[in-house]
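Here's a quick briefing to read alongside the model. Take a look at the structure first, then skim the points below.

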Amino acid sequence: MFELILMAIVSGVLMGIIYGLIGIGMNILYGVMRIVNFAHGEFMMLGAYLAFTLNRAFGLSSLQAILVVMPVFFILGVMLHALFYNRIQQSEDPEIASFLTFFGVSLVITSLILMIWKADPRSVPLPFEKVSFFLGPVFLSTGRLVSALICVLAVAAISFFLYRTYTGKAVRAIIENRDAVSILGIDVHRVSALVFGIGLAIVAITGCLVTLSFPAITPVLGQTYTNIAFLVIVLGGLGSPLGSMLGGLVYGLAESLSSVFLPLALSPLVAFVILVVMVMIRPQGLLGKVSTRI
Amino acid sequence: MKTYRKTTLSVIVIATLFLAMVPVLPLSKPYFFYMMFWITMASAFNIIYGFVGYLPFGYVMFYGVGTYVTAVLWSRLGVPLPLAILCSGAAGLVLSLAFAPTLRLKGIYFAIVNFASAMVLRIVVANLPEAWAGGSFGISLSGAYKPLASYYLMLALTVASVVVGLWLSHSRLGIALRCIRDDEAAAAVMGINVSMSRLKAWMLAAVIPSLAGGIEAWFTAIVDPDTSFNLMSTAKTIVYAMFGGLGTITGPIFGAVFMYGLDDFIWGRFPLLNLLVLGVTIIFLILFLPRGVVGSLIQRWPGLRKIIE
């Protein structure tokens, strides 16, 4: 039993780091633009399928695919910004408008994936000799370990960007108070476009990593990841990018520990119950400040 | 005031007579059944989103619980169907009261929590012992299959929900709800009981889809968790209501009739495109036509308010 729990904790932490990065991608859009990207998981799936095709066509591994998919998604993000941003900001309730718009986008992506890649589950061969190994008593999946390491690197890069660069400081300033920032002469529109690109570049990383950490991808899996992303960012605090890491860890641990004690079919339940309870008692999240917008 | 009431009422009477004739005419009964079903869903959704401004993204749960209560009561306890359907309505009411605390939340928080709640209910229902709720295979009601009776029951519910919407938009409650939607603080200062008015609308918006769920379970004679708690049902309800125009009475009806017709047409010919069209329609509606067809017409020619509502 002790070993089972230890293993659950290790795998919970590994998955939690990945979930955290998934959350950051969604949260940075929300923080800067109040855009609720309900198509987050579908974008991830799109990235995963691109990794699949890159592997089939050019023999690239999922890790190499990241380097290709990331710039593509960055450009996609800037384009989406140009398409939707103004319209959404002008509507009566931008948050709900963005939520519904991206729900529409999620349906479009799902149907495109279904048309291009069909409904069969797909998988990308792992680029490792050993798919899993024992570290002491703990059974580790190489794919998940590598994914978690890449996520840590990505989070470090994002933190560096947010806290050490000029533009990153502008991003944080916009999250704090977008009206004041535009008075100070920061081009909110341009920073938003950049953030949209970065947000989707993060999605690209997580999408490619999904093919490493999970055995197969299917077109309808996107919804699951959108749910996870929501949960993670609500746990960590909407609009607090690094809070997502904590949210991800809490969720990853809750998920893996509950799978030790509960039947498998019920383990998603834990996530949703945490979400509902969290929003009801502490809508600003574990790390979030009290927001005036709530 | 009086003239348009006459026009509206006569339109409702004519439409009702036509729909009542459908079973004897050489027309597809399921087609018109589902048209009425979507009119009902969109009109009820309009009460909570159009009038109150709350977006319940897990709206399907009221419908889903309605289908299951009817199916379980009839198949496991032998409750007669009309009574079981009434119980579905009661279950919707109970559910809305259980989720009443979520009305404290606003905007996207409310939408997300409602959505998550619908997911929870779906998982719970799918994992109930098979002897109770049939597990993931669901429950068959083929022994009670009576398409004609359920068709007319749906007609009654559709007319009722449209009339309720019409009544609401002129009632004290409806006016209070619009005030709250536009400026909550001002409404509270004017002496409107904000949370009570909101709760009433929420309960109303919950009972109707639960009843519709019960009737629909009877009509199709099969209930399963994936259909009963399908996110797409919420999506379609939102799109149909928005397409016509939220906050108007004719809007959701027009939206449901038109979009359901389009959906049915596409679904029959290009099943894969169905999802794509739904997605593109949502994007287009939100970005370019947030008021919907009827809403935009009224905004452009305010005089139209006298004839359509």
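Buried residues make up 51% of the 309 residues in chain B, where buried means 20 or more other C-beta atoms (placed from the backbone) within 10 Å of a residue's own. Keep in mind that this is a predicted model: local features need pLDDT of at least 70, side-chain atom pairs count only at pLDDT 80 or more, and totals for chains, interfaces and linings use all residues. Residues are numbered from 1 along each chain as its sequence is written, with chains lettered from A in the order in which they are written.

**Chain B overall**

- Chain B has 15 helices and two strands, taken as DSSP runs numbered from the N terminus (H or I, at least four residues, for helices; E, at least two, for strands).
- Its C-alpha atoms fill a box of roughly 55 × 45 × 35 Å along the principal axes.

**Helices 13 and 14 of chain B**

- Helix 13 of chain B (residues 250–269) and helix 14 of chain B (residues 271–288) have axes that come within 6 Å and cross at roughly 145 degrees; axes are lines fitted to C-alpha atoms over the stretch in contact, with angles from 0 to 180 degrees between N-to-C directions.
- On the helix 13 side, the contact uses B:Asp263, B:Ile266 and B:Trp267, and helix 14 of chain B brings B:Pro271, B:Leu273, B:Asn274 and B:Val277 (contact means C-beta atoms, placed from the backbone, within 7 Å).

**Where the chains meet**

- 34 residues of chain A are in contact with 29 residues of chain B.
- Helix 4 of chain A gives the most to chain A's side, with 15 residues.

Definitions and conventions. Contact = placed C-beta atoms within 7 Å. Buried ≥ 20, exposed ≤ 12 C-beta atoms within 10 Å, placed from the backbone.
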